[in-house]
Amino acid sequence: MRTNYNVGAYKQFWKKMIEFSLQVECHIIQAILPEIGKLFALSTKVEEFSDLFPDLDDPELKESWIDGLKEEAKGDRSALARLLKSPRLPYGRVEVEEDDVDDLLRGLTEIRFTIRKTSLKNVTDEELESGMPSLRSSKPDVRIGYFSYLLMAEIQERLIEEIS
Amino acid sequence: MPSHKHCSTLATPILEESTDLDERLATPWKVIVLNDPVNLMNYVVMVFRKVFGYNDTKATKHMMEVHEQGKSVLWVGEREQAENYAYQLQRWRLQTILEKDD
């Protein structure tokens, strides 16, 4: 009996990857990744989906709306967890399966909101948007939070460039 | 067989309910995105393109409105579709509200 070497049979295992290198020094990434891991663990605790529901005076819709957002956010967090566990990320290399990109983009947004509400809670919106000039006088946890916030933004920005 | 009077008492609330529903469906709703200090500009443009199918120029125009004026009306239309858009935008973590278009 002849063996079927049809390449198409293997196509289902082939996933397109998006890969790029970050313009951030490795020692910075390696220093803040453990902190990002801690912030990631906080994401579920600080999520405030109930605040998002539009004022529609419809309790049933509100419940299904919030439950839906919570459920779908799990996929976003899984994609972010895969990135944070990636062995090449500490060396500035981002590798994402194409199918994971949307989830990862949302996961990155969520963790940036988490950082905003925790480490950067005392920073004003103006400072944050302008690049936080008073960084030198900030406490270490604020500085780490800010670098984490920037690193997540850098990955998000590069990812959007790659898919555009 | 129910009396005529009994039938007429049943008919009234059904008619009112139907009128309410018609009014509710007829009123247009606005999908409004609010500014936030976290989301990146190119992220917001990308989301508008994905959710509404807008081209880059239109998506960028709305993003700039959000950034400079604090909010932008992205879409106006029937409530069910407006809810659908608002849900999708919130899925992408954009602060979105719905308002009746009076």
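Colleague: How many helices and strands are there in chain A?

Modeller: Chain A has six helices and two strands, taken as DSSP runs numbered from the N terminus (helices H or I of at least four residues, strands E of at least two). Before you go on: this is a predicted model, where local features need pLDDT of at least 70, side-chain atom pairs count only at pLDDT 80 or more, and totals for chains, interfaces and linings use all residues. Residues are numbered from 1 along each chain as its sequence is written, chains are lettered from A and ligands numbered from 1 in the order in which they are written, and side-chain values use heavy atoms, with hydrogens and water left out.

Colleague: Fine. Which way do the elements of chain A run from the N terminus on?

Modeller: They go α-β-α-α-β-α-α-α.

Colleague: And how much of chain A counts as buried?

Modeller: Of its 164 residues, 43% do; buried is under 20% relative accessible area, exposed over 50%, partly exposed in between (1.4 Å probe, protein chains only).

Colleague: On to the interface. What area do chain B and chain A bury between them?

Modeller: About 2500 Å², with 59% of it on carbon and sulfur atoms. That's the accessible area (1.4 Å probe) the two parts lose on being put together, summed over both. On the chain B side, B:Val38, B:Arg91 and B:Arg93 lose the most, together 30% of what that side buries.

Colleague: How many residues does each chain bring to the contact?

Modeller: Chain B gives 22 and chain A gives 31, with contact meaning heavy atoms within 4.5 Å.

Colleague: How many salt bridges between chain B and chain A?

Modeller: Four, each a side-chain nitrogen of Lys or Arg within 4 Å of a carboxyl oxygen of Asp or Glu. One of them pairs B:Arg91 with A:Glu72, closest N and O atoms 3.5 Å apart.

Colleague: Which elements give two or more residues to that side of chain B?

Modeller: In chain B, α2 (41–52), α4 (79–91) and β3 (96–100). The largest share, six residues, comes from α4(B).

Colleague: Switching topic: where does B:Met63 lie?

Modeller: In helix α3 of chain B, residues 56–69.

Colleague: Buried or exposed?

Modeller: B:Met63 is buried, because its relative accessible area is 7%.

Colleague: What does B:Met63 touch, not counting residues up to four places away in sequence?

Modeller: B:Met41, B:Val44, B:Val45 and B:Phe48. B:Asn84, 21 residues from B:Met63 in sequence, sits 20 Å from it, C-alpha to C-alpha.
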